[in-house]
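Good morning, and thank you for joining.

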Amino acid sequence: QLQLVESGGGLVQPGGSLRLSCTASGFTLGYYAVGWFRQAPGKEREGVSCISTLGAYTYHADSVKGRFTISRDNAKNTFYLQMNSLKPEDTAVYYCAARRPPLSYTNYRCPKDEYNYWGQGTQVTVSS
């Protein structure tokens, strides 16, 4: 059974850091492009960061660029989201997701509808 499990969410003060992890089971993560998405109350789910199978391509949304970094360790079947300088507006449920690689990464912006496998989500709350 294909499964993605997130960990690492929690409560952090503004300016703090968290690292989210997503571990796959039931399939070889290295064959998949992966990404992180988030959904705040009353808002649509949005793409935060995405990475290609071997990590050569990464994308970060403008709202997190320079603060968040996506990475992966295919040997551990795991990928990560390092979040620094967190802001209250980063508060959301964060989801990891995987998909078969796209034909091209040109203008690739983490289209959530093209991701097939999803984790259950982990809450990140940024508040003093």
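This is a predicted model: local features need pLDDT of at least 70, side-chain atom pairs count only at pLDDT 80 or more; totals for chains, interfaces and linings use all residues.

Cys50 and Cys110 are both buried, where buried means under 20% relative accessible area, exposed means over 50%, and partly exposed lies in between, with a 1.4 Å probe and protein chains only. These two cysteines are joined by a disulfide with an S to S distance of 1.9 Å; the criterion for a disulfide is a pair of cysteine sulfur atoms within 2.5 Å. Cys50 belongs to strand S5 (residues 46-51), while Cys110 sits in the loop between S9 and strand S10 (117-118), so the bond ties together parts that are 60 residues apart in sequence. Strands here are DSSP runs of E with at least two residues, and helices are runs of H or I with at least four, numbered from the N terminus.

Residues are numbered from 1 along each chain as its sequence is written, and side-chain values use heavy atoms, with hydrogens and water left out.

How many disulfides does the rule give? The count is two. The other pair is Cys22 with Cys96, whose sulfur atoms are 2.0 Å apart. Cys22 is in strand S3 (residues 18-25) and Cys96 in strand S9 (residues 92-99), so this bond connects parts that are 74 residues apart in sequence. The torsion about the S-S bond of Cys22 and Cys96 is about 55 degrees, and the disulfide is therefore right-handed. Cys22 and Cys96 are both buried. Counting bonded cysteines along the chain, the disulfides follow the pattern 1-3, 2-4.

I turn now to the aromatic residues. The structure holds ten aromatic pairs. Rings of Phe, Tyr and Trp (its six-membered ring) pair if their centres lie within 6.5 Å, and planes under 30 degrees apart count as stacked, over 60 as edge-to-face and the rest as tilted. Tyr57 and Tyr105 are stacked, because their ring centres are 4.8 Å apart and their planes lie at 25 degrees. This pair links distant parts of the chain, 48 residues apart: Tyr57 is in the loop between S5 and strand S6 (58-60), and Tyr105 is in the loop between S9 and S10. Tyr105 also forms an edge-to-face pair with Tyr108, at 5.2 Å centre to centre and 75 degrees between the planes. Tyr108 is buried, with a relative accessible area of 6%.

Elsewhere, ring pairs link Phe37, Tyr95, Tyr115 and Trp118 into a cluster. Arg45 lies over Tyr95, at 3.7 Å from the ring centre, and Arg99 lies over Tyr115, at 5.8 Å.

Finally, I come to strand S9. Seven of the eight residues of S9 are buried. Which strands pair with it, given that pairing requires at least two DSSP bridges? Strand S4 (residues 33-39) runs antiparallel to S9, with seven bridges, and Val34 stands opposite Ala98. S9 is also antiparallel to strand S11 (residues 122-126), through three bridges; there, Val93 has Gln123 as its bridge partner. S9 and S10 pair in the antiparallel sense over two bridges, with Tyr117 as the partner of Ala98.

Methods. A charge sits over a ring if NZ of Lys or CZ of Arg is within 6 Å of the ring centre and within 35 degrees of the ring normal. Two strands pair if DSSP finds at least two bridges between them.
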